Amino acid sequence: MTKKELEQIYGLKKELMMWQRIRDNYEADIAPPIKNIDGMPYSQTFNITNPTEEKALKLAEATKIIDGKIAEIKHAIMQIELFIAQIKDDSDIRRIINYRCVQALSWHDVSKLMGEGYTEDAVRKAYCRFLIKNNIK
């Protein structure tokens, strides 16, 4: 396991949220428009493509990408959890890696969950020392 593999969850979750926002925008665009009744005659233009159909295709594509990202995150989490399970005799570092790399929490949140006596700097340094000690680059 490399440092990049350990820390990829954070980026993947941010990317997932980005795609979810994109999907939500497509869903909002597909909602039926409010018709303005002004008494004027309505004429249709001869569009080659249907805008609603295009939006629906983009929505379906975004949904597929989201499903793929979720699967990628689940796979990455499984790999990290297997790595954590192999760490012997150091429950603190197992907890730190879980909070930071699996749950994608900030160092501040990790320190709060670790309890009294743990600062942001302390948990970050413990994590970095563990990586260096175990030659994880």
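This is a predicted model: local features need pLDDT of at least 70, side-chain atom pairs count only at pLDDT 80 or more; totals for chains, interfaces and linings use all residues.

Trainee: OK, so is Cys101 buried or exposed?
Mentor: Cys101 counts as buried, because its relative accessibility is 2%. Cys128 is partly exposed, at 27%.

Trainee: And how many disulfides are there?
Mentor: The count comes to zero.

Trainee: Switching to helix 5, which of its residues are buried?
Mentor: Val123, Tyr127, Phe130 and Leu131. Looking down the axis of helix 5, those buried residues fall within an arc of 100 degrees, so they line one face.

Trainee: What do they pack against?
Mentor: The buried residues of helix 5 pack against helix 1 (3-30), helix 2 (51-85), helix 3 (91-102) and helix 4 (107-114). On the other side of helix 5, Arg129, Ile132 and Lys133 are exposed.

Trainee: What happens just after helix 5?
Mentor: Asn135 takes a positive phi there, about 55 degrees.

Trainee: New topic: how many salt bridges are there?
Mentor: Six. One of them joins Asp121 and Lys125, at 3.4 Å from N to O. Both residues sit in helix 5, four residues apart, about one turn of the helix.

Trainee: Which residues make up a network of salt bridges?
Mentor: Glu15, Lys69 and Glu72 are linked that way.

Trainee: And what does Arg95 pair with?
Mentor: Asp92, with the closest N and O atoms 3.6 Å apart. Arg95 and Asp92 are about one helical turn apart, because they are three residues apart in helix 3.

Key: Residues are numbered from 1 along each chain as its sequence is written. Side-chain values use heavy atoms; hydrogens and water are left out. Buried means under 20% relative accessible area, exposed over 50%, partly exposed in between (1.4 Å probe, protein chains only). Helices (H or I, at least four residues) and strands (E, at least two) are DSSP runs, numbered from the N terminus. The arc is that of the directions from the helix axis to the C-beta atoms. Contact means heavy atoms within 4.5 Å. A disulfide is a pair of cysteine sulfur atoms within 2.5 Å. A salt bridge is a side-chain nitrogen of Lys or Arg within 4 Å of a carboxyl oxygen of Asp or Glu.
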